[in-house]
Amino acid sequence: MSASSLVADAVWKEIESTGSVSDDQLSILHFLFGKNFERATRIVDQRGVKRVSGQPSGRSVFQVVGESRRKEEYLCFAEQFCACYSFFYDIVNRGEQLCCKHQLAARLAASLGACIEVQVSDEELALLLSKL
Ligand SMILES: [Zn+2]
């Protein structure tokens, strides 16, 4: 794991434990993620992050809106995976970014309690994930 992803992890854990973001934490995240972090905060501000939880298992996945005019939604696991193009191109192939703006938006919204919570059955969740 790179030093910057360790720093990012520590900052996220702090934010998750307090449920709020300080100015210092904002500057660190901005330093680490740059433009992607600005985009992520815009997505969170427009309430673009849904957490879809399957019942009764409680397993969940995020659905995050993109910024294009088509307002597509991307299925996303905050720490491991996003279904968007940038995730495959910038992160998996080129290793240039730690994560995409959707993952950042999901993590930020979850830490701040700013997700729209959607509950579905486990069958519906499985169906959603099968489209990945
Ligand atoms: Zn993404």
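Trainee: In what order do the strands form the open sheet, and what is the pairing?

Mentor: Please keep in mind that this is a predicted model. As a general idea, strands of a sheet pair through backbone hydrogen bonds, either parallel or antiparallel. Here 5 strands make up an open sheet, and reading across it gives the order β4-β3-β2-β1-β5, with mixed pairing.

Trainee: Which strands stand at the edges of the sheet?

Mentor: The edges are taken by β4 (81–82) and β5 (116–121). Each has a single partner strand, so one side of each is left without a neighbour in the sheet.

Trainee: How many bridges join β1 to β5, and do these strands run parallel or antiparallel?

Mentor: Strand β1, residues 49–55, runs parallel to β5, and 6 bridges join the two. Val-52 stands opposite Val-118 of β5, and Gly-54 has Val-120 of β5 as its bridge partner.

Trainee: In what sense do β1 and β2 pair?

Mentor: Strand β2, residues 60–65, pairs with β1 in the antiparallel sense, over 5 bridges.

Trainee: How many residues lie between β1 and β2 in their hairpin?

Mentor: The hairpin of β1 and β2 has 4 residues between its strands. In the turn, Gly-58 has a positive phi of about 80°.

Trainee: Over how many bridges do β2 and β3 pair?

Mentor: Strand β3, residues 73–77, pairs with β2 over 4 bridges in the antiparallel sense.

Trainee: Let us turn to the helices. At what angle do α3 and α5 pack?

Mentor: Helix α3 (residues 35–45) and helix α5 (residues 101–112) pack at about 55°, and their axes are 8 Å apart. That angle makes α3 oblique to α5. Their crossing is right-handed.

Trainee: Which residues of α3 and α5 meet?

Mentor: From α3 come Asn-36, Phe-37, Arg-39, Ala-40, Thr-41, Ile-43 and Val-44, which meet Lys-101, Leu-104, Ala-105, Leu-108 and Ala-109 of α5. By kind, the residues of this contact of α3 with α5 are 8 nonpolar, 2 polar and 2 charged.

Trainee: At roughly what angle do the axes of α1 and α2 cross?

Mentor: The axes of helix α1 (residues 3–18) and helix α2 (residues 23–33) cross at roughly 150° and come within 10 Å. This crossing is left-handed. Ser-4, Val-7, Ala-8, Val-11, Glu-14 and Ile-15 of α1 make the contact with Gln-25, Ile-28, Leu-29 and Leu-32 of α2. The contact of α1 with α2 divides into 7 nonpolar residues, 2 polar and 1 charged.

Trainee: Which residues does UniProt list for "domain: SWIM-type"?

Mentor: The unreviewed UniProt entry lists residues 62–111 under that name. In the model, this span is 40% helix and 22% strand, and its end C-alpha atoms lie 13 Å apart.

Conventions: Residues are numbered from 1 along each chain as its sequence is written. This is a predicted model: local features need pLDDT of at least 70, side-chain atom pairs count only at pLDDT 80 or more; totals for chains, interfaces and linings use all residues. Axes are lines fitted to C-alpha atoms, for helices over the stretch in contact, and angles run from 0 to 180 degrees between N-to-C directions. Angles under 35 degrees count as roughly parallel, over 145 as roughly antiparallel, 65 to 115 as roughly perpendicular and the rest as oblique. A crossing is left-handed if the near helix is turned anticlockwise from the far one by less than a right angle, and right-handed if clockwise. Two residues are in contact if their C-beta atoms, placed from the backbone, lie within 7 Å. Ala, Val, Leu, Ile, Met, Phe, Trp, Tyr, Cys and Pro count as nonpolar, Asp, Glu, Lys and Arg as charged, and the others, Gly among them, as polar. Two strands pair if DSSP finds at least two bridges between them. UniProt positions are given in the numbering used here, feature names are shortened, and annotations may be inferred rather than shown by experiment.
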